[in-house]
Amino acid sequence: MKPELEKLVTRARTLFDDLDLEAVRSWKNAMPDRKAIGHLPVWAPRELIWAAGMLPVSVLGGGDRLEIIRGDAYFQSYICHFPRSTVELALSGRLDALDGMLFPSICDVIRNLSGMWQMLFPDLYVRYLDLPQNFDLEVGGRFWRHELEALMRDLEALAGRPISEDDLRLSIAAFAANRHAVHRLYQARSREPWLFPADEMYIVLRAGCVLPPDEHTELVERYLELAPGEAERQRQDRSRIVVAGMFCEQPPLGLLLTLERAGCFIVDDDLFLALRWPEIEVEITDPPLDGLIEAFLRQGALSASVYQPDGKRGAWLVESVERNHAEGVIFCAPSFCDPALLEQPMLVAALDESSVPHTQFKYSEDTGQFAAIREQAGTFADSIRLWGEA
Ligand code: SF4
C-alpha cells in the first residue's frame, strides 16, 4: 500500500479502535467550552448539534473489542448485544467526553435505554427523540418541527448561546457536503468494488461518527482519490451482493472481510444511515429549519425504522439491487433485532417477486467465529455465479 493511503487508513483504524473517544476529547480540549453530544443509531439531526457549536458523535457500541462486565446485568438474554456494550462503555467512563445523549426512536430497546440513561446519569442531558412516522408536511411535518425546535432550545441552553440562522445554514451546508462525499464513495464502490475493500471502506466511513463533518469530508474525498491507485487491486470475479439489516448493531469487521473472502463484493449496504440521511439534497431555505424538516420527510432512503403504510415494503431493496446491478441479497441482521427481523419476511417477499436470490444469517457485534458464515456466503456466491440463482 502506498504511504499516503496507508497513513489515511491507519488514522481511520485508530479512530475505529478509539473506544475511549480520545479524538472527541482532543477536539473538545482544543478550545474552551466545547461540548459533544452523542446519539444512538440510526439517525439524529446532527446539523442542529453542529450549529450549536457542539460535536455530534454517533455511538455504535463496543463491537468485539470490549469485554462486557456490567452491561449484561441490565438486559435479558433475549435482547440484542448493542445496548449491553453501550452501557458498558458508559459505566466504564469511556463515554465521559459526551455532554449529552440523544436516543432516536428506532426500537423499544433504545427507548428503554434512554430511561436507563436518565437514571444512571441524572446530571447529563438526555433526550428521547421521537422521529416522525407520518410524512405529510401538515401532520408529520408539524410534529417534527415541534421536536426539532424543542431540541434546538435544549442545545442552546447547553451551549450557552443561541443558534443563529447563519449557524444552521453553515451546518446544513457542511453536512450536505459530507453526505455528497459519502454518496460518491458508495457509487464508486458500486462501480468498481475491487478498489474499495469492505473493511477499509467501513473504517473510513465510520470515522465520520466522531470527526467534525468537514474533516470527514476531506478524509473520504482523499480516500476516493487514493484507493484506485493501488496496483494490486485488480478486477475479480465475485458475486455482487447487497447486504441488509446492519443499520444499528454493527457487524464485526471480520464478518465484512469474511463475506469478501467467501466470494462476494458488497455493492450496497444499510450501514451508517446517520451519515447518509436524508438522501436528497437539503435545500438552504429561509428559515433554514424548513429545509431540514422537508428533506427528512421527503427523503428516499428507507429502513426498518421507518413506517411504510403503502404495502410497498422492500421496494427500496429491490431498487438498490437494480441500481447497483447486484446479483443477490444477504440479510445480515443482529440476533434479537426486532426491527430487522420483523421486516425480513416482507423484504424476502419483495425479492421473491422480483426473482432476486437471497440468503440470511444473524450475527452479534462480538461474533468471533466466521467459519459457518463463510461457508454459507461462499455457497451463495458460487451458486449465483454458476447458475444465476441461489
Ligand atoms: S440492534 Fe435492533 S433491537 Fe437492538 S437496539 Fe438496535 S434496532 Fe434495537
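Predicted model: local features only at pLDDT ≥ 70, side-chain atom pairs only at ≥ 80, totals over all residues.
In helix H6, residues 140-159, the buried residues include Trp144, Leu155 and Ala159, where buried means that 20 or more other C-beta atoms, placed from the backbone, lie within 10 Å of the residue's own, exposed means 12 or fewer, and partly exposed is in between. These three cover an arc of only 40° around the axis, which puts them on the same side of H6, the arc being that of the directions from the helix axis to the C-beta atoms. The face turned away from that buried side carries the exposed residues His146, Ala150, Arg153 and Ala157.

Residues are numbered from 1 along each chain as its sequence is written. Helices (H or I, at least four residues) and strands (E, at least two) are DSSP runs, numbered from the N terminus.

Turning to the strands, E5 (residues 239-244) and E6 pair in the parallel sense over four bridges, pairing requiring that DSSP finds at least two bridges between two strands. Within this pair Arg240 stands opposite Phe265 in E6, and in strand E6, residues 264-268, five of the five residues are buried.

Finally, the ligand: of the 14 residues around it, Cys80, Cys107, Cys248, Glu249 and Cys337 come nearest, a residue being near if its C-beta atom, placed from the backbone, lies within 6 Å. The largest share of this shell, three residues, comes from H14.
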